[in-house]
Amino acid sequence: MGLYKAFSKTQDWTIEEQLEHGIRYLDIRLGTNEKTSEEDINQLYVVHDIITCVDIKNDVARALKLSDVFDICINFLTKHDQETIIIAIKDDNIKSEKIQKSLGKIIEKATLLNQNKITDTKLYSDFFYKKDKIPLLQEVKGKIVVLSRKKIQISDERNLGTLVEIPNMGECRNYPHSSCCPRFNDLDIRIQDNYNLDATEKWRITVDMFDNNVQLCNNKYDYKSTINFMNMAEMDTSNAATILNDIFDASIEQSANYVNNRLTEYIIKNPEKIRNYWFIMDYPNTDSIRAIYQSNDPNKTEFQNNKAEVDNWFQFAWTDVKYFISLAPVETIFDIIENIFKRNGNNAIPCLQRKITNAGNEIIKTNYKCVKNNLNQWYFKSSGKGKYISII
């Protein structure tokens, strides 16, 4: 459960809670169990890589299905008919080749062709946008827009939903680097999905995109909008050589909190720089959602009277502490703890300290000597006659 939470879980909120908090883009990855080849919507589960997502109600957990996601969204739209929900669908772990080939037909049958009555005036199918082009917002109020990252064919002539290709950017592992340039698809959408960067580098490339100054890239200015994936992968299950190292890296939540806090602060100070941006986030919080929403019209009286602010500096700092400590080599931390009270005649207290190198990289310095700076140093303290170690 601990590894699941650290390296697979990306949200604390249920689908309903995400919608109620203002989320309007759901990144839905699909998988099946190994035995099924039945062409039915109820055989499609929501997954993250090899982990199946669960829906917990009344302390009972059950596997979350794609049909559940559609039902939840439709229920939301019956109460909020001016809203639009985008559902991006991707095959993450569909094991049956038969289902892979018929995926478009399976989903079409359960959505666009579904004639079940939902309200006195609307059928299930009425809640879905039926064209395969990017719509205007006024065309899709009260509807679900299904996006696909790759072609999901219904027939030789038709594809499921609207195709918005997201190129794989997994080769970008250090920024700045030429492999980290944003990509442009056929719709002139600029896309940043460098999921293998750590949180500090992810934030650096995000700011450079705001400033149209992505290093080592030929910047293009005639794009229509930007999709900025703020999420980071914290375990590469396809590469066994890196799994052990990944286990002792920052968790998804720690990395997300580091980036999301900075995004919130940046938007509040520079709302004009994020026009036509989509932000795809892990562990979004109410502050970040509110800041993004209010950036649409920062001078609006309603927003001025209820302006998003970052005023909890302690929470901000504590998020940083947890992130940077998580990056320290676990062997080093254990060595420090083991030797805390073995330094005969040496009263220095071992500590960890955040440091910026000459190259601009952020590292954790592990030494018993720290430069005095209350903002970026943390000490180990023993209690309970040596039974417990606290980081302060």
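Predicted model: local features only at pLDDT ≥ 70, side-chain atom pairs only at ≥ 80, totals over all residues.
Started with Ser-288, which is buried, with a relative accessible area of 1%. I found Ser-288 in helix H8, residues 286-294. Then I asked which residues Ser-288 touches, not counting those up to four places away in sequence. I got Asn-260, Thr-264 and Met-281. I also checked Ser-288 against Tyr-266: they sit 22 residues apart in sequence and 10.0 Å apart in space, C-alpha to C-alpha.

**Arg-149**

Next I looked up Arg-149: is it buried or exposed? It is buried, because its relative accessible area is 10% and the cut-off for buried is under 20%. Arg-149 is a loop residue, placed between strand E7 (143-148) and strand E8 (162-163). I wanted to know what its side chain makes a polar contact with. The partner is the side chain of Asp-27, at 3.5 Å. Asp-27 also turns up in the contact list of Arg-149, which leaves aside neighbours within four places in sequence. Also on that list are Arg-29, Ile-89, Lys-90, Leu-163, Val-164, Glu-165, Ile-166, Asp-193 and Phe-229.

**Helix H4**

Moved on to H4, which covers residues 97-110 and has 14 residues. From first C-alpha to last I get 20 Å, close to the 20 Å expected at 1.5 Å a residue. I also looked for where H4 bends, and the place is Leu-103, by about 60 degrees. Leu-103 is itself one of the buried residues of H4. As a reminder to myself, an α-helix has 3.6 residues a turn, so residues three or four places apart point the same way. What do the buried residues of H4 pack against? I found strand E1 (25-31), helix H3 (66-79) and strand E6 (84-93). At the start of H4, I saw a side-chain oxygen of Ser-96 reaching to within 3.3 Å of the backbone nitrogen of Lys-98.

**The E9-E12 sheet**

Last stop was an open sheet of four strands, ordered E9-E10-E11-E12, with mixed pairing. Which strands stand at the edges? They are E9 (183-184) and E12 (277-280); each has a single partner strand, so one side of each is left without a neighbour in the sheet. I then checked how E9 is joined to E10 (residues 189-192): there are two bridges, and the two strands run antiparallel. Within that pair, I found Arg-183 opposite Ile-191 in E10.

Terms used
Residues numbered from 1 in each chain as written. Heavy atoms only, no water. Buried < 20%, exposed > 50% of the residue type's maximum accessible area, 1.4 Å probe, protein only. Polar contact = N/O pair within 3.5 Å; in protein donor to acceptor, adjacent residues only side chain to side chain. Contact = heavy atoms within 4.5 Å. Pairing = 2+ DSSP bridges. Expected span 1.5 Å × (residues − 1). Bend = angle between axes of the 7 residues up to and from the residue.
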